[in-house]
Amino acid sequence: MPEGHSVHRIARQFARNFVGKPVSASSPQGRFAEGAALLDGRVVESVQAVGKQMFLETEGDLWLRVHLGLYGAWDFAGDILVDPTIASANGRMGQTNQRGTELDPELEAPILDTAGENSLSSIGAPRKTRVHVRMSEQTRGLADEGDEWPPPVVGQVRLRLLTDVTCADLRGPTACVLQTPDEMLATVAKLGPDPLVGDPADGEERFVAAVRKKGTPIALLLMDQAVVSGIGNVYRAEMLFRARLNPHTPGRAVPEDVVRALWRDWVRLLAIGVETGQMMTMDDLTPEQYRAAMAHRDDRHWVYHRAGLPCRVCGTDIVLEEIGARKLYWCPSCQA
């Protein structure tokens, strides 16, 4: 499932390529035909990401809410104006398993991870590149459509949004619904704080209050989107290790200073994720180690996906268990 950094990256590309433009909307799959008909022809006015959900505002006080869930993805094609605030030489956004995006030959060769993702490049002026981009966590990109415009529909596309030069196809989301302004605000009100939405200091207070009043294990609280927005399986495991915190500790038993440190760590890690597109959670790496980490996920994390391997700090085997129907990786020594 996409974690918060990916959704923020997707929202920023919508902001640069769709806001201020009328869109043609359709539902090739047919499951969102009525909603697409209501969106068709409207001008996109704003876009906002909150945690794992994105909200697209169109004229006439109509909001599109999208939650990608486990299987959802946005596919982009056409002329993509790359957001200069995030690192991407080829338009590919987020922590993905995609392949095949066409690189700009004038740029320096990017660092590619084992899935072909461009992980490291300069952040500069917007670049217009002819690309086909898949924006998700666990899905692979489609074949290049070439120069045909609009690109042919491939697979089960729930919603297609099309400007004169840019196409966005949505596949397999958990939620794709239209909302009134009041419904949108009610949805956001149910979500926990997001460091990139509102005042981070206010978010910290909300987070501390929510955690400290619950007897639920901290590992479950970090994944509860009503407690804090955007944290998924990877960030959860890594943040708990970085705090040397036993994942089974009840929220109310976690010292307040540790809870605050968790929030501030999330602020930092989310910013890194949005900038680089990678869930980079290791610190104090040499330049060589950093390049290796950007190129290979196995070199990027302290404990995630390292079950049975020695802890990078103490050498104890990393444990894998299931909690809340999700996998949890942790060190039983460092996090005793």
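Val66 is buried, with a relative accessible area of 2%; buried here means under 20% relative accessible area, exposed means over 50%, and partly exposed covers what falls in between, using a 1.4 Å probe and protein chains only. The model is a predicted one, so local features need pLDDT of at least 70 and side-chain atom pairs count only at pLDDT 80 or more, while totals for chains, interfaces and linings use all residues. Residues are numbered from 1 along each chain as its sequence is written, and side-chain values use heavy atoms, with hydrogens and water left out.

Val66 sits in strand β4, residues 62-67. Helices and strands are DSSP runs numbered from the N terminus (H or I over at least four residues for helices, E over at least two for strands). Setting aside residues up to four places away in sequence, Val66 touches Lys52, Gln53, Met54, Trp74, Leu170, Pro173 and Ala175, where contact means heavy atoms within 4.5 Å. As for Ala49, 17 residues from Val66 along the chain, the two C-alpha atoms are 9.6 Å apart.

Turning to the helices, α1 (residues 4-17) packs against α7 (residues 256-276) at an angle of about 45°, and their axes lie 8 Å apart. That makes α1 oblique to α7: under 35 degrees counts as roughly parallel, over 145 as roughly antiparallel, 65 to 115 as roughly perpendicular, and the rest as oblique. Axes are lines fitted to C-alpha atoms, for helices over the stretch in contact, with angles running from 0 to 180 degrees between N-to-C directions. The crossing of α1 and α7 is right-handed, that is, the near helix is turned clockwise from the far one by less than a right angle. On the α1 side, Gly4, His5, His8, Arg9 and Arg12 meet Leu270, Gly273, Val274, Glu275 and Thr276 of α7. The residues of this contact split into two nonpolar, five polar and three charged.

Trp149 and Pro150 are joined by a cis peptide bond, with omega about -10°, and Pro150 belongs to the loop between β8 (128-135) and β9 (159-162). Asp61, not a glycine, has a positive phi near 60°. Asp61 is in the loop between β3 (53-58) and β4, and counts as exposed at 51% relative accessibility. Arg244 is not a glycine either, yet its phi is positive at about 50°. Arg244 is placed in the loop between α6 (233-242) and α7, where it is partly exposed, with a relative accessible area of 36%.

Terms used
Ala, Val, Leu, Ile, Met, Phe, Trp, Tyr, Cys and Pro count as nonpolar, Asp, Glu, Lys and Arg as charged, and the others, Gly among them, as polar.
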